[in-house]
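Hi there,

Here is the structure I promised to pass on.

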Amino acid sequence: MNLIDQFIHDAEHDEPVYITNVRGRFLQDDGEDIVIHILGFDGSITVFPLRLPADYAGDAQRNFIKSYIFAEIHNMLSALGGEKFSIYINTKNEKVTGLLREINTAFGIGLRRRERPGYGRSINVIERMLDSLGGGRKFSLTVYDIQDMPRIPAAQKKTNDFIDRYRDAFTGIEEKILLGIDVGGTDIKVAVSYKGKLCFLTEYDWFPALFSRSEQLIEPIKKLTIEAAEKVKKESGGAFAGFDGIGVSFPDVVLRNKIVGGEVFKTRGIRNNPDLEYESEFHKLTNLDALLAPYCSPEGRVRITNDGPMAAFTAAMELIAWGKPELLAQGRFAHTLGTELGTGWIDEQGTIPEIPLEVYNFIIDLGSFTAAKYQCDDLRSITNFNTGLSGTLQKFMAQNGVFRLAIKASQAKDGKLYGDLIQKGFISEKNGDLLVNLEPKDMRKPLLEYLMLLAEKGDAEMEDVFIEIGRSTGITWCET
């Protein structure tokens, strides 16, 4: 059995075929080199060398190789975005050339955003980022002969003022009134720092993926902001002219304080609403910073970022507080595990790079063919809620990963945990699908808490589940 057939055999037996292993094996073997150049939003060029088998036979092998290279491209676009994507190959190899010339169709280049298939969702995000940056820039994806590949000049060294950047970030906060809002998939958390001390903390449960209009996302955030302002008025004896700063962590791509992604699970209901034009409806959410600005003082500011970079920034600030700023010379990378997987990167300059970094959309598993057949809401599925692509991190880490792996482990053993979850009202079978119960109560958070408690008490099945989550984290690190 050759290498590709072995990968296919494992996939057909519902085993994961991790993209990191496939890439490593392909790079070790003879084949056709592929070099990808990504022109970033900032004008920089990032280079990725890959390799495909030079020859293959039959539809099964061709489809597997295609799924691999499309996944590589999808992951690069989901992480870095960019304005121009150039693929350099040996155009004399007709098999490889023919496969790569399917990319524009697969990624929906030239189609309208709402008509794009799964891979094309990453293009939608990039286009919205380019729209936000202005200048009429357009995304392009082109295949060239490798003989025409240009030389890339060495990157310019950046200034080394990262420690000052961090210290400036918290200077004088003991005199400020600051509101922090963390928008999640199961709840919104709100905290107020009143001149250096926590004076207000609250939580609001919700399920934004079920909403059909942007106002349903925006109004709870505004109401919680008003509630926080009322608390500060009472704390200050009425002497309150607005927050000195409002910081929002939002689970989507954010560029220069504007929410610009639009392809996340939280906006699925709005995106699928046939009674509205999504781009204009989503634009209301894009301008959340302007909607919150009236609750600031005249000198106050609203700042919005993705929750992942906020976690990386927080980790960096902890190192400053511990007196170890020198450890920030290589930047700071962080994952947040919640309803979904958040990812953040603060670079060596203490800056949040202007890239999508939608790592939860990374395809890490090219196998598990049985799990890939379940529809996305089924707890056994590895199909992404947003893109419809299988094998993405959304179903391997965080909440959905824990649910899926717990069910898989139980069904492979004695089924006791599976039966307990049904009996306790966490999950139910409906028309052949296995779903978490959302009515009369949303059981996502209680289910996660229950499974975590089992692991804490030493339940072997659940301990193995979280070990598997750790394995997926390692693969994620290889990909990022």
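V47 is partly exposed, because its relative accessible area of 36% falls between the 20% limit for buried and the 50% limit for exposed. Please keep in mind that this is a predicted model. V47 sits in strand β2, which covers residues 45-52.

C296 gives another picture. Is C296 buried or exposed? With a relative accessible area of 9%, C296 is buried, since the cut-off for that is under 20%. You will find C296 in strand β11, residues 296-306. Leaving aside residues up to four places away in sequence, C296 touches A241, G242, F243, I246, R301 and V302. A241 is 55 residues from C296 along the chain, yet their C-alpha atoms are 7.5 Å apart.

Then there is a pair of helices to look at. Helix α8 spans residues 214-235 and helix α10 spans residues 278-286; their axes come within 9 Å and cross at roughly 10 degrees. The two helices are therefore roughly parallel, as angles under 35 degrees count as such. Which residues meet between them? On the α8 side they are S214, E215, L217 and I218, and on the α10 side E281, F282, K284 and L285.

Happy to go through any of this with you.

Best wishes

Terms used: Residues numbered from 1 in each chain as written. Predicted model: local features only at pLDDT ≥ 70, side-chain atom pairs only at ≥ 80, totals over all residues. Heavy atoms only, no water. Helix = DSSP H or I, 4+ residues; strand = E, 2+ residues; numbered from the N terminus. Buried < 20%, exposed > 50% of the residue type's maximum accessible area, 1.4 Å probe, protein only. Axes fitted to C-alpha atoms, helices over the stretch in contact; angles between N-to-C directions. Parallel < 35°, antiparallel > 145°, perpendicular 65-115°, else oblique. Contact = heavy atoms within 4.5 Å.
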